[in-house]
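Here is a walk through one protein structure. Keep the sequence and the 3D view open side by side.

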Amino acid sequence: QKVGDTQSLHVYFKKYAFKPDKLGRAVLLSEFGGYNYAVKGHCFNTKDFGYKRLKTEKALESALCSLYDEEIRPAYRQGLAAAVYTQLTDVEDEVNGFITFDRKVVKLDPKTVKKIISVE
């Protein structure tokens, strides 16, 4: 830490509010989100890990919209350089991806995700 050209942050359990880096580096939210929606019959096993449990695809979409509206877009306008959502696919016990572990179910329509994550 405190070396290199970027400040890399992982934020899961609290609301993210942008703060410029004291060293003047680019600020990256390199891990955030991790909302889980377990699709029955498409999980690695019965374990259920994620940072916010949701019961439906619609609830996942709504939570993602709120996350971007309330935290990510405001941070971007204040100077956040990049944001990397956790994660694209479920990975074994982690059911916080947009695609299931077996890659058979896409939990959110890609066009919807593109619209939600747009910061313009």
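**A helix, its core and a buried asparagine**

Helix α1 is followed by G79, whose phi is positive, near 130 degrees. This is a predicted model: local features need pLDDT of at least 70, side-chain atom pairs count only at pLDDT 80 or more, and totals for chains, interfaces and linings use all residues. Residues are numbered from 1 along each chain as its sequence is written, and side-chain values use heavy atoms, with hydrogens and water left out.

Step back along α1 itself.

Now look at what α1 hides. Its buried residues (under 20% relative accessible area, 1.4 Å probe, protein chains only) include L60, L64, Y68 and I72. The buried residues of α1 pack against β2 (26-33), β3 (35-36), β5 (82-86) and α2 (110-117).

The largest nonpolar core has 23 residues, and Y16, L64 and Y85 have the most contacts inside it. Such a core joins buried Ala, Val, Leu, Ile, Met, Phe, Trp, Tyr and Cys residues through side-chain atoms within 4.5 Å. The largest share, seven residues, comes from α1. Y16 touches (heavy atoms within 4.5 Å) E71 and A75, among others, not counting residues up to four places away in sequence.

Strand β3 holds N36. N36 counts as buried because its relative accessibility is 1%. Its side chain reaches the backbone nitrogen of R53 at 3.2 Å.

Technical notes:
Buried < 20%, exposed > 50% of the residue type's maximum accessible area, 1.4 Å probe, protein only. Helix = DSSP H or I, 4+ residues; strand = E, 2+ residues; numbered from the N terminus. Polar contact = N/O pair within 3.5 Å; in protein donor to acceptor, adjacent residues only side chain to side chain.
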